[in-house]
Amino acid sequence: MTSTLHRATAWLRTPPGLLTAGLVVLFLNGLFTAALAHGVADGDKGYIQETSGIVFWPFVYLGAKHMVTGYDHLLFLFGVIFYLYRLKDITTYVTLFALGHSTTLLLGVLMNVSVSSYLIDAIIGLSVVYKALDNMGAWRRWFGVQPSAKAATAIFGLFHGFGLATKLQDFQLSPDGLFVNLVAFNIGVEIGQLLALGAILIAMGFWRRTSSFGRHAYLANVILMILGFILTGYQLVGFFVA
């Protein structure tokens, strides 16, 4: 028992251990705080509902704040860039995700497409599970095929954006300046995404230069998959209880 605890403690001091621990802490913090309010803090909710007219920069800030603290989005992006080494590839995948995210965020609110945020968030949780299994080579091993990673990133980007759109629709948004405010919010989301992604890439860069990356990459994706299942289960419970 002591030996196992010692090995676990030693692993937590390594780059993959620190990165994984950081993701778990972020996930649990979001699960028991922001998730309880559907991802929008009470103060921000009040501001959104009381705002009328164009307020560009405050909505940029709110969008960036949402993404930086959006553990579900960050977990998915972590899985997406896990095995991407070239900046060109990272840019391609992040752009696909951003296009999907932006499209459904804007259209979902403007067209008032209403679906339970719990169900959408459950699908977002499954997107984390999907990407973790993809990184582990499960689809080729189980079914003999490798689904398009680019298509999956774009499709799940649509769900991630729609998830935020369903949350915003819970508020009494003023139609005065709505489109510009939504564009500003979306710009903030993308800025926050780049900031969070930059931090993840820096951590991944240090980890990849160590021998432990090859030894623990599979384990990291197992943990990612488990977090995705927890997120999905939490949202499904919320759907049936609420």
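N112 lies in the loop between helix 6 and helix 7 (117-135). Helices (H or I, at least four residues) and strands (E, at least two) are DSSP runs, numbered from the N terminus. N112 has a positive phi of about 55°, although this residue is not a glycine. With a relative accessible area of 55%, N112 is exposed; exposed means over 50% relative accessible area, buried means under 20%, and partly exposed lies in between (1.4 Å probe, protein chains only).

The model is predicted, so local features need pLDDT of at least 70 and side-chain atom pairs count only at pLDDT 80 or more, while totals for chains, interfaces and linings use all residues. Residues are numbered from 1 along each chain as its sequence is written, and side-chain values use heavy atoms, with hydrogens and water left out.

Now the chain as a whole. It has 11 helices and zero strands. Of its 242 residues, 49% are buried. A contact means heavy atoms within 4.5 Å. Among the contacts in the chain with a separation of 6 or more, 85% are between residues 24 or more positions apart.

The buried residues include Y71, D72, L74 and G79. The crossing of helix 5 and helix 6 is right-handed. A crossing is right-handed if the near helix is turned clockwise from the far one by less than a right angle, and left-handed if anticlockwise. Helix 5 contributes H73, F76, L77, V80 and I81 to the contact, and helix 6 contributes I90, Y93, F97 and H101. These residues divide into seven nonpolar, two polar and no charged. In this division Ala, Val, Leu, Ile, Met, Phe, Trp, Tyr, Cys and Pro count as nonpolar, Asp, Glu, Lys and Arg as charged, and the others, Gly among them, as polar.

The loop between helix 5 and helix 6 holds L84. L84 is buried, with a relative accessible area of 12%. Leaving aside neighbours within four places in sequence, L84 is in contact with D89, I90, Y93 and R208. The C-alpha atoms of L84 and L201 are separated by 9.8 Å, although the two residues are 117 residues apart along the chain. R208 also lies over the face of Y85, at 4.5 Å from the ring centre. A charge sits over a ring if NZ of Lys or CZ of Arg is within 6 Å of the ring centre and within 35 degrees of the ring normal. R209 lies over the face of F206 in this way, at 5.1 Å from the ring centre.

Aromatic rings also pair with one another. Rings of Phe, Tyr and Trp (its six-membered ring) pair if their centres lie within 6.5 Å; planes under 30 degrees apart count as stacked, over 60 as edge-to-face and the rest as tilted. By this rule the count comes to 16 aromatic pairs. In one of them, the ring centres of F78 and F82 are 5.5 Å apart and the planes are at 85°, so the pair is edge-to-face. F78 is buried at 2% relative accessible area, and F82 is buried at 0%. For W139 and F143 the ring centres are 6.1 Å apart and the planes are at 15°, so this pair is stacked. W139 and F143 are separated by about one helical turn because they are four residues apart in helix 8 (residues 138-143). An α-helix has 3.6 residues a turn, so residues three or four places apart point the same way. W139 is buried at 14%, whereas F143 is exposed at 55%. Both belong to one aromatic cluster, together with F76, F97, Y130, W142 and F156.

E190 has its place in helix 10 (residues 178-208). Is E190 buried or exposed? At 15% relative accessibility, E190 counts as buried. Apart from neighbours within four places in sequence, E190 is in contact with A98, H101 and S102. In helix 11 (residues 212-241) stands L219, which is partly exposed with a relative accessible area of 37%. The C-alpha atoms of L219 and M136, 83 residues apart along the chain, are separated by 9.2 Å.
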